[in-house]
Amino acid sequence: MLLDCCRSSSESWVLLGSAGIPIWDWSSVCVVLLFTVLQMVLYYLPVGQVAEGKMGCDGKHLKYKLNGLYAFLLTVVLLLVLWFGGVLRAGAVMDKIFSLVTAGMAISLIFSLVLFLCPIRTPSSAHVTYDSTAKPLLKFALGQSMDPHLGIIDIKHFVMVRIGFIGWAMMDLNYLLTSVEMKNWSLSLLLVIVFQLIYILDFLIDEGSVLTTKEFTEEPIGFIMILGEFIWIPFFSSLPVYFLLQRPNSIHFLSAVPICLLFGIGFLIYYLSNEQKDGFRKNPNDPAYARLNTIRSPAGSSLLVSGWFGWVRHPNYLGDILMMFAWCLPCGFTSVLPYLPALQCFQLLRKRANEIEESCLKKHREAWREYCRRVPYKLLPYVY
Ligand code: NDP
């Protein structure tokens with residue numbers, strides 16, 4: 001519906017009202033399947049390091065292949081070869097956008113059903129136990145297994161990084177090629193695509209950081225997560241680019257300067273604060289952190305109370321939000337549609353900040369209370 005709204009000039013919520021665009025098409029199913037199989041094959045590329053993640057049920061650290069960047073680069077090369085070779089017309093992919101979404105939905109539904117009906121049990125993967133009153137639909141939606149593996153492929157890692165993020169980059173690149181074919185590329189379109197690709201590349205370069213996130217370590221994989229990675233991330237995150245293709249908005253070169261500045265500031269806050277926190281968590285005795293003030297937690301670790309995490313309690317979320325808003329601004333202010341991903345991300349990160357704080361309070365107890373006293377703001381000093 002959101003994609004459809006971008007196509008029509010009025011913002012009436014006409015469900016799939018754009019004439020002539022199919023919502024089901026077998027060739028779209030083949031495209032999504034081929035992309036999924038390609039990413040599975042690329043997972044086996046003998047490059048990139050193997051990282052140790054959380055502890056599995058068998059007392060051994062789970063291992064993850066970190067070659068997402070290489071998989072991404074090879075997928076880009078393949079896309080460009082197909083495009084330059086005349087095999088692929090980017091505009092044709094655009095014309096099948098609705099059927100690509102429905103194909104992604106169908107494949108994630110089948111994928112989740114298989115995982116639900118034949119759960120993969122390995123010695124390292126924990127199985128989630130629900131209480132006896134939990135409905136099967138809830139188990140299907142939220143998932144029953146923490147870390148299911150298919151050969152060397154960790155399914156959660158695979159869908160998050162390879163389907164979600166590489167799929168998002170491919171949608172952006174396809175939109176870019178479409179604009180070249182239609183000769184309607186603009187500064188605003190280029191800005192949004194470049195910003196999003198920087199964000200995706202940074203994620204892929206530092207792929208290991210996903211292994212310590214809350215959904216990766218604490219949440220099982222079920223239909224909601226799989227659907228999110230097949231649909232939400234690739235199609236919803238690239239909505240501002242799609243919007244600009246449908247409703248071009250030209251911006252003056254000078255207005256690009258503050259937008260780039262906002263993105264740059266957001267990126268620096270996001271990158272540097274994550275670097276500081278991840279580095280400190282890995283090696284708190286590193287001399288690079290010797291000047292920072294810390295509080296000792298009863299859990300055995302320490303909390304940073306100066307540096308980025310002494311400024312606000314979630315500086316990385318603030319950076320994330322600033323970047324997301326920066327890549328909406330080139331779309332102008334005629335519609336709320338391109339701002340929806342940023343608004344949703346803002347709401348998600350606000351909620352996530354509360355959840356993280358709850359679990360940190362349980363884990364670090366008095367040390368966390370003391371941290372909150374010394375660093376009273378969550379996202380923006382003196383505001384929130
Ligand atoms: P964080 O990166 O903020 O990690 C939270 C953990 O960091 C806490 O559980 C705690 O771990 C540790 N920590 C918190 N405060 C301190 C402190 N002061 N000193 C030392 N350690 C501290 O959260 P996420 O894992 O959720 O996010 C990772 C990245 O992913 C972020 O950059 C976020 O912006 C991004 N993200 C983006 C989303 C989007 O939709 N755009 C969605 C989700 C994440 P411990 O208890 O082990 O010490």
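The largest nonpolar core of this predicted model has 95 residues, and those with the most contacts inside it are Ile97, Met170, Tyr175, Tyr199, Phe230 and Trp327. Helix 7, which spans residues 155-182, gives the most to this core, with 15 residues. The core draws at least three residues from each of domain 1 (1-124 + 135-250) and domain 2 (253-384). In soluble globular proteins, nonpolar side chains tend to be buried together. The shell around the ligand likewise takes at least three residues from each of domain 1 and domain 2, and the points below turn to that shell before moving to individual residues.

**The shell around the ligand**

- There are 25 residues around the ligand, and among these Asn274, Lys277, Tyr317, Asp320 and Arg352 come nearest.
- Sorted by class, the residues of the shell around the ligand comprise 14 nonpolar, 5 polar and 6 charged.
- The side chain of Arg352 has an N or O atom 2.5 Å from an oxygen atom of the ligand, while for the side chain of Lys363 the corresponding distance from an N or O atom to a ligand oxygen is 2.8 Å.
- His364 also takes part, with an N or O atom of its side chain lying 3.0 Å from an oxygen atom of the ligand.
- On its own the ligand has 920 Å² of accessible area, and the protein covers 86% of that area.
- Two or more residues of the shell come from each of helix 12 (253-282), strand 6 (302-304), helix 14 (315-326), helix 15 (340-364) and helix 16 (366-374).
- Helix 15 gives the most to the shell around the ligand, contributing 8 residues.

- The side chain of Asn174 reaches the backbone oxygen of Ala90 at a distance of 3.3 Å.

**Exposed residues with positive phi**

- Lys183 is a residue other than glycine with a positive phi, near 50°, and its place is in the loop between helix 7 and helix 8, the latter covering residues 187-205.
- Lys183 counts as exposed because its relative accessibility is 74%, a value over the 50% limit.
- Tyr382 is likewise a residue other than glycine with a positive phi, in this case near 65°, and its place is in the segment after helix 16.
- Tyr382 also counts as exposed, given a relative accessibility of 72%.

**The loop between helix 8 and helix 9**

- Glu207 lies in the loop between helix 8 and helix 9, and Ser209 is found in this loop as well, with helix 9 covering residues 214-218.
- Glu207 is a charged residue by class, yet it is buried, with a relative accessible area of 2%.
- Although Glu207 and His157 are 50 residues apart in sequence, their C-alpha atoms are 9.7 Å apart in space.
- Ser209 is partly exposed because its relative accessible area is 23%, which falls between the limits of 20% and 50%.
- The C-alpha atoms of Ser209 and Leu78 are separated by 27 Å, and these two residues are 131 residues apart along the chain.

- Pro240 lies in helix 11, which runs over residues 239-246, and Pro240 is buried, with a relative accessible area of 0%.
- Pro240 and Tyr44 are 196 residues apart in sequence, and in space their C-alpha atoms are 33 Å apart.
- Val375 is found in the segment after helix 16, and Val375 is buried, with a relative accessible area of 1%.
- Val375 and Ser306 are 69 residues apart along the chain, whereas the separation between their C-alpha atoms is 8.8 Å.

Key
Residues are numbered from 1 along each chain as its sequence is written. This is a predicted model: local features need pLDDT of at least 70, side-chain atom pairs count only at pLDDT 80 or more; totals for chains, interfaces and linings use all residues. Side-chain values use heavy atoms; hydrogens and water are left out. A residue is near a molecule or strand if one of its heavy atoms lies within 4 Å of it. A polar contact is a pair of N or O atoms within 3.5 Å; within protein, one must be able to donate a hydrogen and the other to accept it, and residues adjacent in sequence count only if both atoms are side-chain atoms. Accessible areas come from the Shrake-Rupley method with a 1.4 Å probe; for residues, only the protein chains shown count as cover. Helices (H or I, at least four residues) and strands (E, at least two) are DSSP runs, numbered from the N terminus. Domain bounds come from an automatic or database domain assignment. A nonpolar core is a set of buried Ala, Val, Leu, Ile, Met, Phe, Trp, Tyr and Cys residues joined through side-chain atoms within 4.5 Å. Buried means under 20% relative accessible area, exposed over 50%, partly exposed in between (1.4 Å probe, protein chains only).
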